[in-house]
Amino acid sequence: MMEQVPAKRGRGRPPKTPKRGPGRPPKKDKIGQVVKGSSPSNTPEFEKANGTGKNNSVEDFPNGNIDIVVSVKRPGRGRPKKHPLDLNSPSSLNKVENAEANGLKRMKSERLRLRDMSPTRRSGRYFESLSPTHNTILPVLGDVLRQNVTAEVTEDVKGSPSMNAVVKVFCVHTEPNFSLPWQRKRQFSSNSSGFIIDGRRVLTNAHSVEHHTQVKLKKRGSDTKYLATVLAIGTECDIALLTVNDEEFWEDVTPVQFGALPSLQDAVTVVGYPIGGDTISVTSGVVSRIEVLSYVHGSTELLGVQIDAAINAGNSGGPAFNGKGQCVGIAFQSLKHEDAENIGYVIPTPVIEHFISDYERSGDYTGFPILGIEWQKMENPDLRLAMGMNFHQKGVRVRRVEPTAPAFTFLKPSDILLSFDGIDIANDGTVPFRRGERIGFSYLVSQKYTGEQAKVVVLRASKYFEYDIELSTHKRLVPAHIKGKPPSYYIIAGFVFSTVSVPYLRSEYGKDYDYDAPVKLLDKLLHSMAQTEDEQLVVLSQVLVADINIGYEDIVNTQVLAFNGVQVRNLRHLAEMVESCDDEFLQFSLDYQQIVVLGTKAAKAATLDILSTHCIPCAMSDDLKS
């Protein structure tokens with residue numbers, strides 16, 4: 001057997017070993033890391049990483065070139081590097097929880113400020129240095145801190161039993177037909193929201209149940225619809241009060257409690273059943289503005305709250321909750337404009353409580369009273385001087401007084417209204433409201449009830465006068481609503497006479513009636529005042545064509561001023577004069593200097609045939625028969 005002898009190394013070039021020497025240093029990236037492709041053995045960074053200052057052979061790194069990331073302490077000035085939080089560490093979680101708690105406390109008193117967390121928020125490197133898991137968690141924690149106000153309110157509302165008190169309202173409407181006042185339009189259905197309050201009652205919007213023929217309610221999580229009865233409808237404040245006779249409806253329900261009027265920037269949560277789904281919906285926002293604003297449905301001006309939470313069709317009648325789960329308003333309208341976003345309005349608790357108290361006091365809704373004046377600002381110093389006011393006196397000038405208002409007996413044009421119920425009125429018509437806020441003095445009037453008295457102080461010819469004036473509801477020449485009653489009409493010889501109201505104009509000319517309606521009717525709507533309690537604006541609505549009225553077919557929506565030389569006060573007065581007329585002719589004096597003349601006997605004889613032709617049951621509405 002041959003003996004194996006280790007091979008001897010022959011002469012030649014010795015194997016290469018890495019040597020450290022002068023030359024170009026290895027490439028590094030921006031944070032001192034060794035770049036792929038460079039040998040770490042000849043770098044001081046590698047020596048520090050290994051804990052020795054000796055050179056290592058390539059045999060320790062079989063691949064020769066390696067990828068290695070080495071953290072290096074960078075000398076120099078600046079803020080020390082922020083180390084990421086370890087979410088698995090109890091101490092780190094405590095830090096996050098403490099930060100959230102501190103943020104919540106600060107947000108209850110002022111706008112969101114993240115002073116304590118500002119280094120975290122400002123440093124982009126803080127999040128970039130984290131693992132993918134941390135990157136998905138910590139930004140979420142930051143969002144919670146920024147939105148802790150709405151999150152806190154939403155969480156409180158979710159856990160509140162008041163959520164179960166929010167109901168869905170199903171209503172079938174049958175609107176009157178003002179063009180054909182002897183019949184109604186085709187019925188249609190709508191969905192809206194409501195909520196249960198004390199006394200086995202339900203609140204919703206008035207426009208949600210306007211011209212109702214059937215109202216049903218469904219509770220959250222229930223599959224049963226319960227028939228409801230409408231107790232009262234407040235057209236001015238756009239609130240309706242309902243009840244349900246079925247005892248099952250009131251089981252396991254906690255009524256909603258009302259809270260105080262919110263402040264600016266307070267968080268609110270709107271709950272309801274808007275379009276886009278069948279289940280309950282929750283949207284959050286903050287209070288943006290509180291002032292006297294226009295109620296579209298009621299055509300009045302009452303206290304309102306503007307919020308930035310989404311209010312869509314179907315939200316009407318739903319409650320707006322504060323952070324304590326208390327109702328601070330009822331969603332009822334929103335602003336849709338190309339220059340505006342997320343502007344919604346809720347009816348505040350003072351208006352809601354006024355409506356409920358009014359119903360409890362009288363057993364019905366009597367409305368919000370008015371003082372019955374039109375006024376002018378006194379901001380011009382020369383105007384104040386001409387009116388006999390001193391430099392320290394403030395108030396507004398009375399322009400006109402409603403003839404049907406009780407104030408007509410006491411107040412005169414050019415009186416200076418100085419105060420209302422002991423509260424001074426500024427030159428711009430505002431009064432102190434809350435700290436740092438002012439509001440129109442009509443808010444003080446709206447807090448009163450119909451029939452109550454108010455003490456007003458006026459300046460007349462540089463003398464003070466004090467009056468106790470009874471407050472009453474507004475008697476408009478052109479009513480904003482007909483309050484569920486069918487429209488009145490009277491027909492003679494095919495001439496259809498009716499009364500003008502805002503719903504009438506909307507039915508005849510569409511939603512842009514304030515642009516498309518006749519100018520004279522709009523002038524009556526905007527500027528005319530009723531001189532008596534029973535005064536109405538009577539118009540010749542249309543002409544049902546027949547042989548008796550040939551030549552008059554084109555007359556539409558023209559005011560009737562007089563009949564046979566007698567001024568027309570209202571539609572009943574006109575019908576009585578025509579029915580009792582024994583003259584040879586019936587002469588109607590119309591606006592624009594027009595007249596209509598018919599033979600009395602021929603006109604009355606032709607009326608029955610015209611009614612039969614157009615399937616009209618009677619020549620006059622039921623309210624004119626009594």
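Predicted model: local features only at pLDDT ≥ 70, side-chain atom pairs only at ≥ 80, totals over all residues.
**Ring contacts and a run of antiparallel strands**

Lys 219 sits over the face of Phe 249, with 5.8 Å to the ring centre. Another charge over a ring turns up with Arg 460, which lies over the face of Phe 465 at 4.9 Å from the ring centre.

Counting ring pairs across the model gives 14 aromatic pairs. One of them joins Trp 182 and Tyr 489 in an edge-to-face arrangement, the centres 5.9 Å apart and the planes at 70 degrees. Trp 182 comes from the loop between β1 (166-173) and β2 (188-197), while Tyr 489 belongs to strand β21 (residues 489-492), so this pair ties together parts of the chain that are 307 residues apart in sequence. Trp 182 and Tyr 489 are both buried.

Tyr 295 and Phe 332 make another aromatic pair, this time tilted, at 4.7 Å centre to centre and with 35 degrees between the planes. Here, too, distant parts of the chain are linked: Tyr 295 is in strand β8 (residues 281-295) and Phe 332 in strand β11 (residues 327-334), 37 residues apart. Tyr 295 has a relative accessibility of 1%, so it counts as buried. Phe 332 comes out at 5%, and therefore counts as buried as well.

Gln 333 is also found in strand β11. With 15% relative accessibility, Gln 333 falls in the buried class because the cut-off is under 20%. Its side chain reaches the backbone oxygen of Ser 294 at 3.2 Å. Once neighbours within four places in sequence are set aside, the contacts of Gln 333 are Leu 293, Ser 294, Tyr 295, Val 296, Ile 311, Gly 344 and Tyr 345. Tyr 295, the ring partner of Phe 332, is thus also one of the residues that Gln 333 touches.

Of the six residues in β24 (residues 558-563), five are buried, so the strand is largely enclosed by the rest of the structure. Its pairing partners include strand β23 (residues 538-543), which runs antiparallel to β24 over two bridges; Leu 540 has Thr 558 in β24 as its bridge partner. Strand β26 (residues 585-590) pairs with β24 in the antiparallel sense too, over three bridges. Ala 562 is bridged to Ser 589 of β26, and Phe 563 stands opposite Phe 588 in that strand.

Phe 563 has a bridge partner in β25 as well, namely Val 566. Strand β25 (residues 566-567) is antiparallel to β24, with two bridges between them. The hairpin formed by β24 and β25 leaves two residues between the strands, and Asn 564 there adopts a positive phi near 50 degrees.

Leu 586 finds its bridge partner in Leu 598 of β27. These two strands also form a hairpin, with three residues between them, and Tyr 592 in the turn shows a positive phi of about 60 degrees.

Note on methods:
Residues numbered from 1 in each chain as written. Heavy atoms only, no water. Phe/Tyr/Trp six-rings, centres within 6.5 Å; stacked < 30°, edge-to-face > 60°. Helix = DSSP H or I, 4+ residues; strand = E, 2+ residues; numbered from the N terminus. Buried < 20%, exposed > 50% of the residue type's maximum accessible area, 1.4 Å probe, protein only. Lys NZ or Arg CZ within 6 Å of the ring centre and 35° of its normal. Polar contact = N/O pair within 3.5 Å; in protein donor to acceptor, adjacent residues only side chain to side chain. Contact = heavy atoms within 4.5 Å. Pairing = 2+ DSSP bridges.
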